[in-house]
Amino acid sequence: MAETWDEEQLIADGFERAHVELEWYDGPRAGLADIGGKPHYFQSYDYALADEADEYSVWPASEAAVKWEREQWAIFARWDQRYLAGTVALESHPGEGGVDARYDELVLLLAPHRQAPDTAQRLVGELRFDAGARYRVDGLDYWFRWRPSR
């Protein structure tokens, strides 16, 4: 288990919230997180170990995209809570397609926003975890501290 940090300490140390996870493989690969207090998409360049800093392509998310991402994330997070409680089966995952019409609609609306533009920045994201639930309607249990890539 990774070391966890108090939210107050994370903020004091310059870490910012991760709101949405779009891909995870040995660490966050893509999603939506605050950078400089504003929501940005992030997409990993490589697959460093989860406890090491990783390089990401980052770009600002529009207000509409943030609203849709949070709506889709909430659908998933509520499903995950039911799944962990044993009240729904894995086959009911909203990402399977054809399970939740609004989730499917949001996939289509969000697709163009999730593509890195040519103007995307390259940043290094250092990861820390808080002690909360892994997947929450309001976000995740990990935070990033960002710095320029070399």
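Entry 1: I sorted the lining of the largest pocket by residue type and got 6 nonpolar, 2 polar and 3 charged residues. I note here that the model is predicted.

I then listed the names.

H2 gives the largest share, 4 residues.

I also looked up the volume of the largest pocket, which is about 170 Å³.

**Entry 2: fold layout.** I counted elements and found 3 helices and 9 strands in the chain. Read from the N terminus, their order is β-α-β-β-β-β-α-α-β-β-β-β.

I checked how contacts span the sequence. Of the contacts between residues at least 6 apart, 55% join residues at least 24 apart.

**Entry 3: overall dimensions.** I boxed the C-alpha atoms along the principal axes and got roughly 45 × 35 × 25 Å. How does the radius of gyration of the chain stand against that of a compact globule? For 150 residues, such a globule would have a value near 15 Å, and the chain has 15 Å, so the two agree.

**Entry 4: surface and burial.** I took the accessible surface of the chain, which comes to about 8600 Å². Carbon and sulfur atoms account for 51% of that surface. Last, I looked up burial: 41% of the 150 residues are buried.

Definitions and conventions
Residues numbered from 1 in each chain as written. Predicted model: local features only at pLDDT ≥ 70, side-chain atom pairs only at ≥ 80, totals over all residues. Heavy atoms only, no water. 1 Å grid on protein atoms, 1.4 Å probe; cavity = no way out; pocket = protein on both sides within 12 Å on 5 of 7 lines; lining within 4 Å. Points joined across faces, edges and corners; volume = space filled by probe spheres on them. Helix = DSSP H or I, 4+ residues; strand = E, 2+ residues; numbered from the N terminus. Nonpolar A, V, L, I, M, F, W, Y, C, P; charged D, E, K, R; others polar. Rg over C-alpha atoms; globule rule 2.2 N^0.38 Å. Buried < 20%, exposed > 50% of the residue type's maximum accessible area, 1.4 Å probe, protein only. Contact = heavy atoms within 4.5 Å. Areas by Shrake-Rupley, 256 points an atom, 1.4 Å probe, with all protein chains shown as cover.
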